[in-house]
Amino acid sequence: LLLAERVTDVILCGAVTSVCIDSTGRAAHERGFRVHQLSDCSCGRTQLEQEQFCKEVFPLYSEVSTTDAVISKVLAAMPRSHVAAQLHSDVAAMQPSAFLQADVAGADVFARTAVIMIGYQKDYFDPNGKLHAVIEASASAVLANTLKLFTALEATSTIFIETPILFTKDYRELIEPSGILKVIKDVQAFQAGEAGAETIPEVQALGSRVLQIPGKRGLNAFTGTCLADLLLAERVTDVILCGAVTSVCIDSTGRAAHERGFRVHQL
């Protein structure tokens, strides 16, 4: 519907801030819409949660505004006399978008497991990386635990998958980037062919046991990649997420995995 109506901007309101509002906002961002979150028109489970999401999470992919401010902006861009009375689309005739769902019914927890490794690249984990400061406080411990996980599960049927994020030198994949993607472009991080985009040596050393899936250009490792197809083909029931950054790619990928029916385990 939004594509048929040539929508450019979406404004989100309602409940609950940390659940449906955030998930829908991330999905809209992945699909190329400009996202506007209203700090005074969405319901958090607590005031602390509301403030945290509006100050720390939503700005990663959207513009945070108030009801009055967004009304002013919309009316300035689209005066009332120009508002169409009718949609061009027949909503009733449209089919809902659907994901193929993982088959976990009756399966034991961890019956078929995939570890999805996100962001193990030099621009994050190398001390000289352009975005190392973002994860500096936890990088060493996360890497140590990642290697512990690999060593413990290497001899099992667990699938290990790495999903690096890569951009061309002119970042033509990013159209009007916002939040963390704007930061990535501004500092020229994760450029294909540059050292910062390379997988860190510690993960490279794990060899062919770790599958690398290309195509990630945003927050969600499922978007633009064959990750979902691979997990479904391998009859995966459970996914374990690790890497960087917790509030960005880890959260977006976890929500997407949950929507597709996988049991999700965040480390």
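Q: Is Phe-190 buried or exposed?
A: Phe-190 counts as buried, because its relative accessibility is 0%; buried means under 20% relative accessible area, exposed means over 50%, and partly exposed lies in between, with a 1.4 Å probe and protein chains only.

Q: Before we go on, what kind of model is this?
A: It is a predicted model, in which local features need pLDDT of at least 70 and side-chain atom pairs count only at pLDDT 80 or more, while totals for chains, interfaces and linings use all residues. Residues are numbered from 1 along each chain as its sequence is written, and side-chain values use heavy atoms, with hydrogens and water left out.

Q: OK, where does Phe-190 lie?
A: Phe-190 lies in the loop between helix 7 (179-187) and helix 8 (201-204), where helices are DSSP runs of H or I with at least four residues, strands are runs of E with at least two, and numbering starts from the N terminus. Its phi is positive, about 55°, although Phe-190 is not a glycine.

Q: And what does Ile-184 touch?
A: Leaving aside neighbours within four places in sequence, Ile-184 is in contact (heavy atoms within 4.5 Å) with Leu-131, Phe-167, Tyr-171, Ala-189 and Phe-190.

Q: Which residues have the most contacts inside the largest nonpolar core?
A: Those are Phe-125, Ile-184 and Leu-231, in a core of 64 residues. A nonpolar core is a set of buried Ala, Val, Leu, Ile, Met, Phe, Trp, Tyr and Cys residues joined through side-chain atoms within 4.5 Å.

Q: Switching to helices, how do the axes of helix 1 and helix 10 cross?
A: The axes of helix 1 (residues 17-30) and helix 10 (residues 246-259) cross at roughly 100° and come within 11 Å; axes are lines fitted to C-alpha atoms, for helices over the stretch in contact, and angles run from 0 to 180 degrees between N-to-C directions. That makes helix 1 roughly perpendicular to helix 10, given that angles under 35 degrees count as roughly parallel, over 145 as roughly antiparallel, 65 to 115 as roughly perpendicular and the rest as oblique.

Q: Which residues of helix 1 meet helix 10?
A: On the helix 1 side they are Ser-18, Val-19, Asp-22, Ser-23, Arg-26 and Glu-30, which meet Ser-247, Val-248, Asp-251, Ser-252, Arg-255 and Glu-259 in helix 10. By class, this contact has two nonpolar, four polar and six charged residues, where Ala, Val, Leu, Ile, Met, Phe, Trp, Tyr, Cys and Pro count as nonpolar, Asp, Glu, Lys and Arg as charged, and the others, Gly among them, as polar.

Q: Is Arg-255 buried or exposed?
A: Arg-255 counts as buried, at 16% relative accessibility. Not counting residues up to four places away in sequence, Arg-255 touches Ser-18, Val-19, Asp-22, Ser-23, Arg-26 and Phe-53.

Q: New topic: how many disulfides does the structure hold?
A: The structure holds zero disulfides, a disulfide being a pair of cysteine sulfur atoms within 2.5 Å.
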